[in-house]
Amino acid sequence: MSFTRKLRQAIALPPHIIVKKAFEIGLRTLKRSLLRKRDYQSCTYSLHYTAELPLLRYVLPPHKDSLQHYTPLLDELSVHYMAHRLDVLGSGWTSLQYGTTPKGTERHIYTTDIDTVQDIKVTESNLQESKRISKLLPPTYQPIDWQKDVKSGYRWSEALWYKDNRYGVLDGVDVKVPWEIARFHHLVHLAYSHTLLSEQSNNTVFADEFRNQILDFIGYNPPRFGVNWVTSMDVGIRAANMLTAYDIFIASGYKFDAEFERIFTRSIYEHGKHIVHNLEWSADLRGNHYLADCVGLLYCSAYLPSSPEINAWLAFSIQEISAEILLQFLPDGGNFEASVPYHRLSLEMVLYAVGLIHSLSEEKLSALYTYNNTFIKGKPSLTPAPLPFYNTPDYCKTNAKKTPLSSEVYERIVQAI
């Protein structure tokens with residue numbers, strides 16, 4: 001929208017509305033300035049966070065027989081993933097490593113002076129922790145350039161505060177490329193490949209790769225810096241994929257080293273914290289982005305050990321997922337965005353969310369009766385405890401007699417399917 005059009009719209013508003021909106025904009029600008037200053041001056045890793053208990057688990061050991069059919073496909077994919085190649089949004093199998101030459105997008109090719117991982121510079125406040133994490137990577141590991149659009153060659157900066165990243169202004173540059181890479185969809189395939197190899201002597205190669213890519217990302221993408229913290233939707237999808245892959249590795253019998261476990265668990269907390277403070281919510285219009293925020297927060301709070309803060313996240317995510325199912329899926333089951341791909345995306349997120357809610361432990365469910373709603377600030381608010389519970393529909397294959405999802409929510413999902 002042009003400045004002239006915005007000005008015309010502003011002039012057409014009543015004076016008291018203009019004053020209110022001007023005040024809100026000023027307040028937002030001041031808050032952003034203070035937060036930006038804080039993050040440049042202080043370490044954004046949650047160094048204070050320590051979990052006394054391990055992450056919870058929800059995935060059953062995968063059936064190898066059911067995976068055998070996909071062995072050729074998994075073998076082909078794993079070769080590319082181990083070499084740090086992805087087919088990103090139609091790019092073809094493309095290297096994600098530093099110093100690669102892009103093919104260009106519609107003849108637009110961008111260059112960067114960041115040719116090796118040694119060239120990158122995180123903020124001074126995050127440097128010590130970033131180096132500590134990156135030193136856990138083996139010398140043979142080739143790092144991934146997480147900030148790069150591998151199609152055009154354009155690169156964002158891991159030292160730039162997340163809300164200051166600009167995109168959609170340069171020809172041929174697509175910010176969704178690094179976002180898609182950092183969503184970590186491929187980690188689940190690595191976990192399945194590990195399952196097929198779990199009884200062989202070289203059964204650690206895929207687990208090692210999972211560990212290294214996670215540490216690589218965490219070390220060179222400090223919270224709230226770089227392009228991969230811009231949208232909470234991507235943060236939520238990344239957290240869900242990280243946790244699902246991790247759970248499959250554990251279910252297959254693998255045990256990660258203690259230091260990785262600490263860093264990984266803390267990162268899941270950082271993902272949840274980022275989402276809850278950067279919700280893509282609007283009173284006027286919201287869609288699959290906000291739904292992804294809530295599902296990502298559900299994953300973080302379901303897997304993290306219980307605490308007053310985590311319990312509030314869990315209650316909030318379930319409250320909002322229930323509300324968004326009824327808002328975003330119409331009574332006939334159609335998604336309000338009137339798009340088949342968006343319908344599928346939103347429904348997939350909903351089904352995984354409902355499955356996870358059904359799998360919650362008694363401890364997690366009991367927290368929905370006693371949570372402290374004041375841990376959720378701003379809008380939308382979390383209603384005071386307890387969340388309402390309902391009888392589980394007979395067609396749901398679950399041992400739980402009560403569920404925090406209403407029959408109307410289940411009926412809407414059935415219609416959507």
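Helices (H or I, at least four residues) and strands (E, at least two) are DSSP runs, numbered from the N terminus. This is a predicted model, where local features need pLDDT of at least 70, side-chain atom pairs count only at pLDDT 80 or more, and totals for chains, interfaces and linings use all residues. Residues are numbered from 1 along each chain as its sequence is written, and side-chain values use heavy atoms, with hydrogens and water left out.

**View 1. Ala338 and Phe336 in the loop between α12 and α13.**
Ala338 has a positive phi of about 55° despite not being a glycine. With 72% relative accessibility, Ala338 counts as exposed (over 50% relative accessible area; buried is under 20% and partly exposed lies in between, with a 1.4 Å probe and protein chains only). Phe336 is partly exposed, at a relative accessible area of 31%.

**View 2. Arg107 in the loop between β2 (93-95) and α5.**
Here's another non-glycine with a positive phi, about 70° for Arg107. Most residues other than glycine have a negative phi, and most peptide bonds are trans. Arg107 is exposed, with a relative accessible area of 86%.

Look for Pro380 in the loop between α14 (362-370) and β3 (390-391); Pro386 is found in the loop between α14 and β3.

**View 3. The second largest pocket and its lining.**
A pocket is an open set of points on a 1 Å grid over the protein atoms alone, with protein on both sides within 12 Å along at least five of seven lines; a cavity is a set where a 1.4 Å probe fits but cannot get out, and lining residues have an atom within 4 Å of a point. This pocket holds about 660 Å³ of space, a volume being the space filled by probe spheres set on the points, which are joined across faces, edges and corners. Its lining has 19 residues, with His185, Ile237, Asn241, Glu348 and Tyr352 nearest the centre. α13 gives the most, six residues, while α9 (232-251), α11 (288-303) and α13 (340-358) each supply at least two.

**View 4. The second largest cavity.**
The volume here is about 30 Å³. Thr44, Ser46, Pro223, Arg224, Glu270, Lys273 and His274 line this cavity.
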